[in-house]
Structure formats: C-alpha cells, structure tokens
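Biologist: Can you walk me through this one? I'd like to start with the pockets and then move on to the ligand.

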Amino acid sequence: MAHNWDFATILQNWPVLWVGIKGTVFIFVITVVLGLGGGLIVGVARYSKSPFVSWPARAFVEVFRNTPVLVQIIWFYYAFPILTGIETDPFLAAVLGISLNTMAFSAEIYRAGIQSISRAQWEAGKAIGMSYNQTLRRIILPVAVKRVLPALTNRGIEVFKMSTLASVVGYVETLNQAKLISDLNFNPIESYTAVAVIFFVVLYPVVQGTYVLERMLRKGD
Amino acid sequence: MSEILRIENLHKSFGDLEVLKGIDLTVQSGETVVLLGSSGSGKSTMLRCLNFMETPTEGKIHLNGELIGTERGGRMRYREAELCALRARIGMVFQHFNLFPHMTVLENVMEGQVIVLGRAKPEAQDKAMAQLDRVGLAEKATEYPARLSGGQKQRVAIARALAMDPEVMLFDEVTSALDPELVGEVLKTIRQLAEDGMTMLCVTHELGFAYHVANRVLFLHEGTILEQGEPQSILKAPATDRMSEFLEGHSLFKLPD
Ligand SMILES: Nc1ncnc2c1ncn2[C@@H]1O[C@H](COP(=O)(O)OP(=O)(O)OP(=O)(O)O)[C@@H](O)[C@H]1O
Ligand SMILES: [Mg+2]
C-alpha cells in the first residue's frame, strides 16, 4: 500500500511543533543538569566507606535503576500527590522521574570512574596532608570524571530521548505537539515521522561529536 | 643536634599478621637513617606508620617533642584532622612517584602548599620553582608528568614533598622502579638533601648509597630492629648471621677497601 506523503500540513503547523521543541529542550536542560549533577553526589556517597552514607545511596540507585522511568513519571503524577499531599504538575512529575533515574544511572558511572583511579593517587594526596574530601575533589574526581566523559555523554543523549516520556502526563513537548497536529489533521504518519526526524537531526551531530571527544580523550592518556 | 623523631614500642598488625613487633628508635635532626631488610620484613609498614598512612596498633610517636595523638583508656586515639596536619609536616616519596597526572609539574609542586598549607598562589609558585630548581627540573615546570622520564618524575615527587617544608623526609625504595641508568640522578638528589641537613629515613636496596650517605643503618628482620650501627662498621662486619646472609644476597654491592 503506497502512502501519499504530505508534509505541507506539518509545515503549516510548524509554530505548534516549535512550542513542543522548546518544551523538549527546556525539560532536557533541567533533567540533564539535575541528573548528572545529582548523580555525582550519589556516586561519591555510594563510594563512601561509611555504611550510613553508602547504604542509602545504594538503596536509591537500586530503586531508581530497576523501575521504568515511564512508571515513575506516572507515579509522581498520580500517586505521589495522594500519598504526600504535595501537588505535582506534568512538568514536575516528568522532571522527578527522569532526573532521579538519570541520577541513579550516572551515579554508577561516577562510582566506576572513581574506582578506576589507583589507590596510589589517594595515598599521594594523603601523604601531603590532604583530607579525604580534598583528595577526592582535587586529585581523584578530575581524572575520574574525564575518564567517564563518554559514558556521561551517552547518558545525556538518553535523557534527551527520554524527554518524550513526559508526554504521557500531558507535558507540552515535541511528541505531545505532534499528537495534537495529528489529531487535528488526521496525518499521524507525517506527524510522528517529523518527530523522529527532528530528534535525529539534533542527536546525530551530537553523537558524532562524542566520537571526536572519545578520540581526543584517548590521545590525552 | 636535637631529637626530631622518637618512636616507642611501635607495633603494627594487619588482622592476625603482626608485622612490627615493637620498634624503638630516636632520630636526631639532620640524621640520615637507612632501613635495610629482606622483602616482607616490614620496612614499608614502618615508614608508613611514621606519617600515619597506617595507624599503629600500639606504641607512641613523637615529632619534635610532641606526642602524636592522645592517650585514653590505655590506648592512643588519633583525630583525622590532627593526622592530616602531621602528614603535612612529614614528606613521603613513593616507589612509583604517584604524581598527579592532570596537573603540570609546577601545579604538582604547588598543590599541597595551596590546598593544605593555605599559601597564596604567588608564594607557592616561588617556593615550587625554588624546589624544582633544587632537583634540577625548573625548565620542566610546564610539562605534564606523562612527558617525563622515570628519574625526572621521581625528582618532581621529591620537590613536591620538599615544597611543604617537611621536618622529616621518608623515602620508600624510591629508585626501585627506575631503569638502572636513571638511579644515579635520583640518588644524587637525595644525597644533596642529606648534605643540606635534611632529616631522612630511607628504605633502599642501594647499599652503596647506605655506605656513603647514611649516618646510621638499621637492619629490620621479622618486625624488629635486629641490629643497627654506623654504615662503615655494620655493612662490613655485621654481628648477626641474618644480616650477613642479607648482605651476601646483594652481590652487586662492592664495599670500598
Ligand atoms: N595493607 C596491608 N594489609 C595486609 N597485610 C599487609 C599490608 N601491608 C603490608 N602487609 C604485609 O606486611 C608484611 C610487611 O610488608 P612491608 O610492605 O612492610 O614489607 P617490606 O619490608 O616493605 O617489603 P618489600 O621489600 O617487599 O617492600 C608483608 O607480609 C605484607 O604482606
Ligand atoms: Mg616495601
């Protein structure tokens, strides 16, 4: 069965899509900063020698790594307000779901990075009188983070794609707006194809960039 | 001469393994003490207890007359902040250099001064350059460690420790990881420090160095100091069979007649 492609309606509705794209970028920036930033804190806590610090961090990681983000978003939207009395909206529910999941995954990346640094570096910091925190901040983390930068950028790319899950609770982003166009114009094929193309056009250069980054990092070693 | 370091009845166990079984030692200011002993005799452990890289199981350590830690309930207690401050006063150089790979040579030597001692950056930089000059590497200040030879790395590590103005320097087999032709430049640097009056404890297998530079040689065996004395006598005429055997194992070492 041949389909007569007609992207004219998509172009006519470009302002509608543009609102969605802005929504996507906005939630991406918020969740990637919270997710990768918070993940650093959880990852360091996970590495801690004190069980009072490492154990809660580990529990956090396991909970959010082993539940689907989609379920988390829906849960924060429908269940969380009833259980806690704290109101959420689509944006907040999606930010919580995506950020917490990203924190959990990136925490493990950071922890692996920290663990990959030889004990000798800890000793060198300690021997000149640095505290645990000083050694971590000045000696261990700069090298560890650089080492896991490729894995972190992969996470970032995942976060960008995960933003479409926010549409399930009605947050205005690209997929949500495409559905709107599709419902009004009866053109789901063009609408959803447009979404796929938009994501590809944004992500393809970014992914190519990460390859360059990886090569540069390897040369630096 | 004044006493800088006093160690009383130092014990260290790892689980069931007792590595140090009661060490007593007093080091005078400006002294160079060389620790000899076969592998596993506890030389590294002893050095590492002196700057609390390892916490002694028992015993007391005094630096410049002050007791490290406080005694409570018949045991020594140490606060982490106190130990950090102590480590800043004792320089340590490792077998594998352990330079910070993400920092230039200059930054390596400035790091402890700025972060631990709180020195202003211009002052730290001047100090760092002076120490790099002392080890003959001032012109490498802007290089990264990866671009240096082993001998150069080790001299930077020495400068990094010296920049903290340590009261004592600890050297743990600092030439063992080097190619033979690079050993000399590092030993020369350490020898110069000895001549400048630095107080040093060195673990080494370089008996020639011990003979010419040490004021005192200790022979560690199974966690105790089996014998000690001036290098000229103890290396030529050891009192114990253990030490004779140990010295015979070092066939490369030819004592001057
Ligand atoms: N952190 C540790 N945990 C458990 N055992 C240790 C530890 N450090 C050292 N040991 C053990 O203590 C003993 C003495 O080790 P140490 O490194 O002090 O010996 P050494 O005299 O420096 O030997 P080498 O000449 O090989 O460096 C060895 O049996 C070693 O396995
Ligand atoms: Mg050793």
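Modeller: A definition to begin with: a pocket here is an open set of points on a 1 Å grid over the protein atoms alone, with protein on both sides within 12 Å along at least five of seven lines. A volume is the space filled by probe spheres set on the points. Bear in mind that this is a predicted model.

Biologist: Fine. What volume does the second largest pocket have?

Modeller: The second largest pocket comes to about 490 Å³. It is lined by 18 residues, and the closest to its centre are A:Lys49, A:Trp122, A:Lys126, A:Tyr132 and B:Glu80.

Biologist: Which elements give two or more residues to that lining?

Modeller: From chain A, helix H6 (119-127) and helix H7 (132-147); from chain B, helix H2 (80-89).

Biologist: And how do the lining residues of that pocket divide by class?

Modeller: The lining has 8 nonpolar, 3 polar and 7 charged residues.

Biologist: On to the ligand. Which residues are around ligand 1?

Modeller: Residues of chain B, including B:Phe14, B:Leu17, B:Val19, B:Lys43, B:Thr45 and B:Glu173. By class, the shell has 3 nonpolar, 7 polar and 2 charged residues.

Biologist: What do the oxygen atoms of ligand 1 come up against in the side chains of B:Thr45 and B:Glu173?

Modeller: With B:Thr45, an oxygen atom of the ligand is 2.5 Å from an N or O atom in the side chain. With B:Glu173, the distance from a ligand oxygen to a side-chain N or O atom is 3.2 Å. There is also a backbone case: a polar backbone atom of B:Ser41 is 3.3 Å from an oxygen atom of ligand 1.

Biologist: How much of ligand 1 does the protein bury?

Modeller: 59% of the 630 Å² that the ligand exposes when taken alone. Strand S2 (17-28) and helix H1 (43-50) of chain B each give two or more residues to the shell, and H1(B) gives the most, with 3 residues.

Biologist: Backbone next. What is phi of B:Phe52?

Modeller: Near 60°, a positive value in a residue other than glycine. Most residues other than glycine have a negative phi. B:Phe52 sits in the loop between H1 and strand S4 (58-63) of chain B.

Biologist: Is B:Phe52 buried or exposed?

Modeller: Buried, because its relative accessible area is 1% and the cut-off for buried is under 20%.

Biologist: And A:Phe186, buried or exposed?

Modeller: A:Phe186 has 71% relative accessibility, so it counts as exposed; the cut-off there is over 50%. Phi of A:Phe186 is also positive, near 55°, and the residue lies in the loop between helix H9 (174-185) and helix H10 (188-220) of chain A.

Terms used:
Residues numbered from 1 in each chain as written. Chains lettered and ligands numbered in written order. Predicted model: local features only at pLDDT ≥ 70, side-chain atom pairs only at ≥ 80, totals over all residues. Heavy atoms only, no water. Near = heavy atom within 4 Å. Polar contact = N/O pair within 3.5 Å; in protein donor to acceptor, adjacent residues only side chain to side chain. Areas by Shrake-Rupley, 256 points an atom, 1.4 Å probe, with all protein chains shown as cover. Helix = DSSP H or I, 4+ residues; strand = E, 2+ residues; numbered from the N terminus. Nonpolar A, V, L, I, M, F, W, Y, C, P; charged D, E, K, R; others polar. 1 Å grid on protein atoms, 1.4 Å probe; cavity = no way out; pocket = protein on both sides within 12 Å on 5 of 7 lines; lining within 4 Å. Buried < 20%, exposed > 50% of the residue type's maximum accessible area, 1.4 Å probe, protein only.
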